[in-house]
Structures are given as structure tokens and as C-alpha cells.
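Here is a friendly walk through a structure that you can follow with the viewer open. We will go from the protein partners to the DNA and then to the folds behind them.

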2 protein chains.
Amino acid sequence: MSESRQDIHNSDVPTLCRACEARHNGICGALRTDELLRLSRHTTSRRVPAGTELVGEAENIETYANVLSGVVKLSKVMADGRQQIVGLQFAPDFVGRPFQESSKVCAEAASDVTLCIFPKRSLDAMMVEAPGLEHRLLRQSLNELDDAREWMLTLGRKTAEEKVASFLHLIATHIDPEKQVARTNRAAFDLPMTRADIADFLGLTIETVSRQITKLRKAGVIEIEGTRHVTVPDIAELEAIANG
Amino acid sequence: MSESRQDIHNSDVPTLCRACEARHNGICGALRTDELLRLSRHTTSRRVPAGTELVGEAENIETYANVLSGVVKLSKVMADGRQQIVGLQFAPDFVGRPFQESSKVCAEAASDVTLCIFPKRSLDAMMVEAPGLEHRLLRQSLNELDDAREWMLTLGRKTAEEKVASFLHLIATHIDPEKQVARTNRAAFDLPMTRADIADFLGLTIETVSRQITKLRKAGVIEIEGTRHVTVPDIAELEAIANG
DNA sequence: CGCCTTATTGAACCCCATCAATATCTGTGG
DNA sequence: CCACAGATATTGATGGGGTTCAATAAGGCG
């Protein structure tokens, strides 16, 4: 879990990584200081504005990345344009698909995003030497699989109102990597994506999303300022609606 | 990919494993002969009839398993009974959730199933020694994640007809582990599950599934004998319908 | 054959999509 | 600072795909 915890304050650790590792619990935590240093030589930190396409669907992958801030959306598109968002990556998630030449999804910055980008080859090579890396990746993959399956239940069986409530609950509990599962029953945050994105995530239309948000607002389950800022006075109530 | 290929015919390999490994490409392929032998001491092969619950939702996990034949369904249930199947495991898939005490899904035999069952502790211990095991598990997890995301598109954006066509295509291409992606454009197979299961997999009702199957039959896309046996004269056509 | 489970078919309804109009937000330039 | 324009969001009216309720038919197994 934290093999390198004592390394965090080691002055040999790249500054970029120190700032990251101190707060997050990403895959790089599996690396020893010297490995981290080696990887960081080919690493660049980058800020990209919302809407930037990081990897196209069926496109060859040359790089991996860690999300440092913001939200990355993974989506799939059908021939006739129908779109479905199949995953949201928050800090400190790893973005990439090892063992595969090309991506089966499109990765795009949903909000403004800060990324730590490194070449596929570098990490692939390091995976052979440092088994802890594969261990971390396996853990994250299994968590993502749990999330994906949880979302399949939402997509397949929930009503529009339950879907929107589920989405708001997801964001409320994931947007801020600092306060892990805060014990307060209250949350305030900015929606990291447009109504169109939310609709594509929920398998709904923009109009239905808008109507359900209005409905939740009028019912006092959420409060909204502008179109993006949401306050949830009672997260438990929101969760109850999300789960029927 | 096949580190132990030369071991397959080694007489030291447990008979159970020899029969399995020869045909399939499961996670045990990552083990050396002596490791395989050690694991096999705690391993039992078991046939279970359709409907057998293997792991309950939120139940503690004591064992893992490999699917040797048949289909295992993974499902989630809401408080009010709404159900969604979130994964289908075919031979030689691994069934289990490492790094977690309890399961977030219910695993149940969809058809009659043959399993190779081993204690969680045994494999967990072996994962520490044999890094190749985690490598295999990572590969399978990433593939399952790809599958889950593909299915999210189906659940969120496809019509009932496209969903049923997608399901039939999935079964046609996965039911028989022997003939990997057969090059013929024709397929014949038995549906491994009831209409109720299919509905729960597609996020539809039994009635809608039945109507869409009838529709595909009348259109000549599929032929049906009894309620289970399906023939697909033109898989490409089925796939075209599945993808809009 | 007869019983029970599973599947099909029919009719009415409803939730969400679609089409359409209006409102609000955002940022840019006068 | 305000006006304007394009993008984004809300709200309304209508319609359709899938659900629901109900009845009939077909398998499966003693």
C-alpha cells in the first residue's frame, strides 16, 4: 500500500512527484526513489483546457498519464453519433491501456485538467522490473471494474431521476481527492462537465437531465447557483434517491 | 503469454490442470510446474447445475475459481428487486475479487457449469511469489474492463433490437472457447440462459426480449429451434444490426 | 398425460425522447 | 460597463419505444 511512504520527503524524489505523492495515492507510489527518478526524466506535467482530446478512439497509444487535477472522461461513439461516457477518471487515477496498441475508448478532458504524462515505453519497461507497479495497476483496474459494474446497474435499471441523483452523488464523493469520504453529510462542488456530458454519461438526453436537476432542486435535495455550482445539504437523502 | 507452454505435457503437471491448460489460456498458465502442483493440492473440480449461487452479493469470499465450461453470470440487485447482470464469465475466465474481503456482485451459474475451485488464501499467497500471476490477472481485468465498457454503450445507447442482437452476437462469439473467433460467417449454439436472464443482462423486460427475438427470427437474421437453440446464418448481418 | 415453469403474444399506458421555443450564461469587443 | 453573439441550459408540447398488465402457448419433466 505505501512501500515508499518514507521516500516522500526524500530530497532525491523529483519535485513534481513530491507534490503529487504527498497528496495522492497513485501508481507511482509503487516505485523506489531511483525508479521514480528514472521515470520522471521522461515525464512532463501539462495543463489542458476542458474539451482537449487526449486519446482518440481506436487511436494508437504512445503515452500514459496520471490525472493530477480535474476530470477525464472516457467515451465511446457509435457510427451514427450516439455517444456513451464509459468512465470518469479523477486524481490520482492512471489513464492508459497497457498490453494494447490502440485504445478502445476516447479520452478527453471533461474539465480543465492537470496531467502527468510519460511515454508508454518507459512505464512498460519499468513494469517488467518493478512488480509492485503491476500490483498497483491491478488494484486500480479491479476498482475501475467495480465502478463500471456499479454504473451498469445505473444505466440498465435506474429511472432518470435515480440516474441523475447517482451522478450527483458520484461527483460529490469523488471530485475532491483531498477529503476522502468526508464524514460530513453536506457537500458543495462545481459540476465538472456540461449537461450534454452528463446526459452522455447517464444514457439520457440533455433535456431529461435538465428536468431532473430542476426536480431535485425544487424538492430541496440540492441547491444550485449558476448552472454549475451544486450544494447538497443531505448526502444521505441524495444517496437514498439514487438507490431507489 | 505462454511462459509454461513447454510444461503442459510434463507428467508432473496435475491431470486436472493438463486437461484444462491444453485447451484454455487461463491464469494458471503463469505458474511453474511446481507452483501449479502446490496449488492443485487445494484445488477441486466441481460440476454445478444452472442456478447454483457461487458467491452472494456482499458475501465474504473464501474461494476463487476458474470456469472450465458453461457460463457464470455476475449480477447486482437493488433494494426493490430490480436486477442487472454486470458480467458473463466464460471458460477459461477467472472468477473472484482479489484484495477485497467481500464481493460486490453475486456470482451464479447461468448454465450448468464446471469449475476449478481453490482457496482464496492459496492463490493470494502465490501471487506474492509468482509475479506472473498478477500479470495474468491484470490482463484479464483489463479485458473485462473493456468488455464492461463496451456493454455500457449497449445499455445506455442502444435500442431494444440492437441490444438483443448484441447479446446474440456476444454469445455466438464467446460460447465456444475451442473455436476462437471462427472464420466462418455462420454460427449455431444453445442460449446459456433464460429470457429472464437475458432481460436482466440487457436492461429490458422479458416481454421485450421475446418480441425482439421474434422480430429477428421473422426477418431471417436468426433461426430458432425450441426456445434455446439458435442458428445465425450471417453473423456479419447480426453484428451490423447490433451496431446500428 | 398433466403439471409447472418458461416463453410468446396482445392491449393500454407511461416515461423519456424528440421537436421547438425561450432563457441564461460566457466571453468578447465597442 | 454594457451590448451583443454564440454556446449552453431550461421549459413546453407531442409522440413513440418499451413497460406493464393480462392472457395464451409452448417446453420440460415427473
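How many residues of chain B are in contact with chain A? The count is 35 residues of chain B, which meet 35 residues of chain A; two residues are in contact if their C-beta atoms, placed from the backbone, lie within 7 Å.

## Before you read on

This is a predicted model, in which local features need pLDDT of at least 70 and side-chain atom pairs count only at pLDDT 80 or more, while totals for chains, interfaces and linings use all residues. Residues are numbered from 1 along each chain as its sequence is written, and chains are lettered from A and ligands numbered from 1 in the order in which they are written.

## Where the two chains meet

On the side of chain B that touches chain A, β5 (83-90) and α4 (131-157) of chain B each supply at least two residues. The largest share belongs to α4(B), with 19 residues. Helices (H or I, at least four residues) and strands (E, at least two) are DSSP runs, numbered from the N terminus.

By class, this side of chain B has 16 nonpolar, eight polar and eleven charged residues. Here Ala, Val, Leu, Ile, Met, Phe, Trp, Tyr, Cys and Pro count as nonpolar, Asp, Glu, Lys and Arg as charged, and the others, Gly among them, as polar.

## Around the DNA

Let us take DNA strand C. It is surrounded by 19 residues, and the closest are T159(A), T208(A), R195(B), S210(B) and T214(B); a residue is near a strand if its C-beta atom, placed from the backbone, lies within 6 Å of it. Helix α7 of chain A and helices α6 and α7 of chain B each give at least two residues to this surface, and α7(B) has the largest share, six residues. The surface near DNA strand C divides into five nonpolar, nine polar and five charged residues.

DNA strand D also has 19 residues around it, with R195(A), S210(A), T214(A), A160(B) and T208(B) coming nearest. Helices α6 (195-202) and α7 (206-218) of chain A, along with α7 of chain B, each supply at least two residues here. The largest share, six residues, comes from α7(A). Five nonpolar, nine polar and five charged residues make up the surface near DNA strand D.

## The α6 and α7 pair of chain B

Helix α6 (residues 195-202) and helix α7 (residues 206-218) of chain B pack at an angle of about 100°, with their axes 8 Å apart. That makes α6(B) roughly perpendicular to α7(B), a label for angles of 65 to 115 degrees. Axes are lines fitted to C-alpha atoms, for helices over the stretch in contact, and angles run from 0 to 180 degrees between N-to-C directions.

In this packing, R195(B), A196(B), I198(B), A199(B) and L202(B) of α6(B) meet I206(B), V209(B) and S210(B) of α7(B). The contact divides into six nonpolar residues, one polar and one charged.

## A sheet in chain B

Strands β3 (residues 63-69) and β8 (residues 113-119) of chain B pair over six bridges in the antiparallel sense, and A65(B) stands opposite I117(B) in β8(B).

Technical notes: Angles under 35 degrees count as roughly parallel, over 145 as roughly antiparallel, 65 to 115 as roughly perpendicular and the rest as oblique. Two strands pair if DSSP finds at least two bridges between them.
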